Structure formats: structure tokens, C-alpha cells
Amino acid sequence: MTLQEYDYARESPSKLAASCLLLALIMKNLGGWTPTLEYYSGYSSQDLHPLVKRLNFLLTYQPRDKLKAVRTKYSNRVFFEVAKVTPMDMLKLEEILKSC
């Protein structure tokens, strides 16, 4: 989804990928940012917090009529129906990120 948004073009691809991974870990209750992830990515959890919040905002307030083909594709079981995953509540996400 970020490929279609100009605001994310200035972000480093590695930082964007790391932020997406952290958001996915939080959304699926799979833990947080580990020292191993920090070592290999080069980013601390604190470095990723602002971008994680922006990504969740993008998921929360993305217009439903835009990018229908992308949403349809990723709503399929082949892609684990990731387009159907409910975004995090912004306040809950903020609490979780503070504890990381």
C-alpha cells in the first residue's frame, strides 16, 4: 500500500520493511522487537515507532474504493487474507510501543 503513497517515498526501504515487520508482530501478538532484529536490521524499536504509527494510520483510514485490485488480491486465502486484518486501535498501539 505504501508504494501508492507519495509520503512514503522518502523513507528508506529497509526502515519501511522493519516498521512493517514490527507492526505485523504487534498486530498478531507475536512479541516485539528483539535484540536479534535490532542487530540485523540496524534499527532500534524507538527508531521505528513514528513510522509504525503512520503505517497503522494508513491501514485504518485508507479509502475503500481506492486500490480495489490490491485489496481483492490480498483478501484471498492464497495470501493469507492479510487485507482483511483489522488495524490496531491507535491508543492501544501507542501503549504497546511505549512498553517496547
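User: Which residues lie nearest the centre of the largest pocket?
Analyst: This is a predicted model, in which local features need pLDDT of at least 70 and side-chain atom pairs pLDDT 80 or more, while totals for chains, interfaces and linings use all residues. Residues are numbered from 1 along each chain as its sequence is written, and side-chain values use heavy atoms, without hydrogens and water. A pocket is an open set of points on a 1 Å grid over the protein atoms alone where a 1.4 Å probe fits, with protein on both sides within 12 Å along at least five of seven lines; lining residues have an atom within 4 Å of a point. The largest pocket has 21 lining residues, and nearest its centre are Met1, Met27, Leu59, Val82 and Ala83.

User: Which element gives the most residues to the lining of the largest pocket?
Analyst: Helices here are DSSP runs (H or I, at least four residues), numbered from the N terminus. Two or more lining residues come from each of α1 (13-27), α3 (45-61) and α4 (68-73). With five residues, the element that gives the most is α1.

User: How many residues of the lining of the largest pocket are nonpolar?
Analyst: Ala, Val, Leu, Ile, Met, Phe, Trp, Tyr, Cys and Pro count as nonpolar, Asp, Glu, Lys and Arg as charged, and the others, Gly among them, as polar. The lining has one polar and three charged residues, and its nonpolar residues number 17.

User: What kind of aromatic pair do tyrosine 39 and tyrosine 40 form?
Analyst: Rings of Phe, Tyr and Trp (its six-membered ring) pair if their centres lie within 6.5 Å; planes under 30 degrees apart are stacked, over 60 edge-to-face and the rest tilted. The structure holds two such pairs. In this one the centres are 4.9 Å apart with 90 degrees between the planes, which makes the pair edge-to-face.

User: What is the angle between the planes of tyrosine 74 and phenylalanine 79?
Analyst: These two rings form a tilted pair, 4.8 Å centre to centre. Tyrosine 74 is partly exposed at 30% relative accessibility, and so is phenylalanine 79 at 32%, because buried means under 20% relative accessible area, exposed over 50% and partly exposed in between (1.4 Å probe, protein chains only). The angle between their planes is 55 degrees.

User: Is tyrosine 39 buried or exposed?
Analyst: Tyrosine 40, its partner in the edge-to-face pair, is exposed at 66%. Tyrosine 39 has a relative accessible area of 65%, so this residue is exposed.

User: How far apart in space are aspartate 89 and serine 99?
Analyst: Aspartate 89 lies in the loop between α4 and α5 (90-99). The two residues are ten apart in sequence, and from C-alpha to C-alpha their separation is 16 Å.
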